[in-house]
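Trainee: Could you go through this structure with me, taking the contacts between its parts one at a time?

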There are 2 protein chains.
Amino acid sequence: MTQPQRIEADVVVVGAGLSGMIAARTVLEAGLVPVVLEADERVGGRILTEEAIAGVPLDLGAQWIGDTHHRMFALAAELGVETYPQYDVGETSYDLVGTGVLRENDFHDRFGDELVALEHVLRHLDELAAEVPPDAPWQAPHAAEWDAITAGAWYDTQGLSVVARTLLEICTVGILAVPTAEVSFLHLLFTIQTCGVTSELFAESEGGAQTTRFVGGTTEIPRRLAALIADHIVVEAPVQTIEHSPDGVVVRCRGGLVASGRHVVVAISPVLAGRIMYDPPLSGIRDQLTQRMPNGSAMKAFFVYDSPFWREDGLNGQLISDVGPARMSNDTCIPGDDHGVILLFLEGDEARTAGRLPEAERREALTAELVRHFGSRAAHPEYYVDGEWSDRQWTRGCYNANMGPHVWTKYGSALSEPIGVVHWASTDTATYWSAYMEGAVEAGERAAREVIDALLR
Amino acid sequence: MTQPQRIEADVVVVGAGLSGMIAARTVLEAGLVPVVLEADERVGGRILTEEAIAGVPLDLGAQWIGDTHHRMFALAAELGVETYPQYDVGETSYDLVGTGVLRENDFHDRFGDELVALEHVLRHLDELAAEVPPDAPWQAPHAAEWDAITAGAWYDTQGLSVVARTLLEICTVGILAVPTAEVSFLHLLFTIQTCGVTSELFAESEGGAQTTRFVGGTTEIPRRLAALIADHIVVEAPVQTIEHSPDGVVVRCRGGLVASGRHVVVAISPVLAGRIMYDPPLSGIRDQLTQRMPNGSAMKAFFVYDSPFWREDGLNGQLISDVGPARMSNDTCIPGDDHGVILLFLEGDEARTAGRLPEAERREALTAELVRHFGSRAAHPEYYVDGEWSDRQWTRGCYNANMGPHVWTKYGSALSEPIGVVHWASTDTATYWSAYMEGAVEAGERAAREVIDALLR
């Protein structure tokens, strides 16, 4: 990972996140020479693991994969990264709409009818999502109608009780990382469709997108992937300008580095892709698309204890609450290590509000919430760490880019369509598990295939 | 307007639109040395006049001022730019919700009750808008409630007839340049409040924001303003990086130009401001704000005829229609010139849809609409020109930046608040006639005052 001033390659890749590195690795295997330009001093993008306590890697970014993430399971196997199942024994702890803390069985007893009604809404969502072509959502039969309203507005018309509507909001914000009032209903249906069904997405516990974790933390994936293409990665190389023509590309970085190639794969989120200066400039539709895909607001906060004491009480470490600054939590202990690890999620409004408080204040509010749900032992963690992704200069928000009303139908066709020798990757352009690591791999492979087809056909 | 490689100044201004040039002129008058860096090869920003036919300047960008635009009247007087009133004699031509073409009097006779109901809604909007502090909309008593819904959703609950709802949409899109389903209701109320009352904004004819034009075209304003500060403007200098500290700023352009100063005023729309690389990077709230203020979609199309033949038929050259690609038109003849000039507006969805067609196809559809309203003589213009602002690399949309739900309340405080020695201008940051030229001047003056207070207090 050296920093020369001029680099020649066949394919310049912007961004050493998972998508960009997969694109680079794929073109390399096809016999083309890639160079990946990464703005940050590290690879991995939205994957970031901290290991302040030896043996307790904490995934501040992407963490889980699910049973249908075939590309990720294959990648982990190829890279020799072992996986293990998410802990899921015991009851979830609820506190919604003023009930006070209730254990899962009590919550289900008390709100059984409401949960059945919610289940009907989820099945309805599945039916509607099935009509959305994941590679062209704007061609769904009811695309115009669905893209004219927000997910929140549609939810509001479903006749749900307050508790069910609140639960639905929490589960959805847990995916989108913005309130449902900001997201097109068509975008929600697209998201569901790229992932299968709502039960995959919204599963509170078994199944779904969060069944499996990586030994050593998720960072093992980009770390080992980067090792395979180490000669082709340059870090601390923020791309500012892409000059492109049928003859090739010249990519200029802050600091003076210039990389030349025949094609370029831009493997960063759409809003960041829109911040690069293109010469010749891109079309109005492409530019305005990148003005209309803001990244979500998400923050993870980890509490590390000397043991997972909640398990003794029959709790699974999950809370679902509308009281404190976190709406959800997970038991993210490391198998073979004695520590107890609780991960709290702050997403959407909670990330915006609590994420801007001083850390001590935020930690205090989160601690109070944990004590309410898991008892007084939660008051004394050995270690605490959190991180808000919008503050990170080279990411600027998580988990992904969302579309408000009219964006898919008026601009969506410009999302992944190459423009000359300029190609687009990043999970935000995926058609299968978009917004997940699985989508990052799919998009990187797809962009690489476009380049390979153009250069080697 | 030379292009040296290093410039020293007290104040670096990014963007030679009206706001940036006003900021530069204001600091210059206070005894400070500015330098304005303009990406384009011309000054004026969203003001652009074409004069393909001698004596017939066509304003492809900003065109009118209104009676309460005090700063603009004063600026025009100071610069020696004469003004004249917008032509407004005769009837408007309507074609809404399938009625076929109706003259204004017939339209009012037929839909009198609906228009009275619409008037009530406008008065209601005025009352609500009066509660919005223009310099802090997020502090309005009902800010959270109003920012959680779209303007379109609020309109839909007002019990308006289809014709009144359609008319309200057309008038509003004529201001915002995006469909009301994309804009926060709070943002609409803010817009109304910064301009006074809805009658100022939505006036179809007399009064309001469009009473007065400039002799020679609006471009006379930036042209003469630029002449006053010509030694302090550099064109074709696209800013890519702003390095800032309490000690000053270093601003780097594509091509190698470097400008140093003590403060910087960024006088471009928020989304474009967000595309600059800041070192140190800005906060998450500021960055995500710029991800959430997309520019609107607007396009003007001019038809020039040998005479204003519609006037002979008692028509004022205005149409309001939901049939063709244009929702509105204006008679924009030049006093003292014999030509007849009709300006058609394509805004929001119409700009997106028709704006992407080949010019010949778009022109044909617009011609057909003009023939329907103004007769067969409209079929044969001497000259036609149009332009979509999202295609312009250094503007990327008009008329201004809009906010969807939750943006004002969660991010609005970061809109114009300086960050160290970095200040924000452009009409999108104004608190009086935001989105208009009047707002550009107000914002430029305000940013200049911040700098002057800091450097000369």
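**Contacts between the chains**

Mentor: Across the interface of chain B and chain A, the rule finds 40 residue pairs in polar contact, both residues at pLDDT 80 or more; a polar contact is a pair of N or O atoms within 3.5 Å, where within protein one must be able to donate a hydrogen and the other to accept it, and residues adjacent in sequence count only if both atoms are side-chain atoms. This is a predicted model, in which local features need pLDDT of at least 70 and side-chain atom pairs count only at pLDDT 80 or more, while totals for chains, interfaces and linings use all residues. Residues are numbered from 1 along each chain as its sequence is written, chains are lettered from A and ligands numbered from 1 in the order in which they are written, and side-chain values use heavy atoms, with hydrogens and water left out.

Trainee: Which helix of chain B gives the largest share of the side that touches chain A?

Mentor: Helices and strands are DSSP runs numbered from the N terminus, helices (H or I) having at least four residues and strands (E) at least two. Several elements of chain B each supply at least two residues to this side, including strand E11 (239-245) and helix H13 (349-354). The largest share, 6 residues, comes from H12(B).

Trainee: How many salt bridges are counted between chain B and chain A?

Mentor: A salt bridge is a side-chain nitrogen of Lys or Arg within 4 Å of a carboxyl oxygen of Asp or Glu. One such pair is Asp287(B) with Arg275(A), whose closest N and O atoms are 2.9 Å apart. The count between chain B and chain A is 10.

Trainee: What area do chain B and chain A bury between them?

Mentor: Buried area is the accessible area (1.4 Å probe) that two parts lose on being put together, summed over both. Contact, meaning heavy atoms within 4.5 Å, involves 45 residues of chain B and 45 residues of chain A. Carbon and sulfur atoms carry 42% of the buried area, which is about 3,700 Å².

Trainee: Within chain A, which three residues supply 76% of the area that domain 1 buries against domain 2?

Mentor: The domain bounds, which come from an automatic or database domain assignment, are 6-45 + 219-282 + 419-456 for domain 1 and 105-202 for domain 2. The area buried between these two domains of chain A is about 560 Å². More than any other three residues, the 76% comes from Thr431(A), Trp433(A) and Tyr436(A).

Trainee: How many salt bridges does the rule find across that domain interface?

Mentor: The interface of domain 1 and domain 2 of chain A has 2 residue pairs in polar contact, both residues at pLDDT 80 or more. For salt bridges across this interface, the number found is 0.
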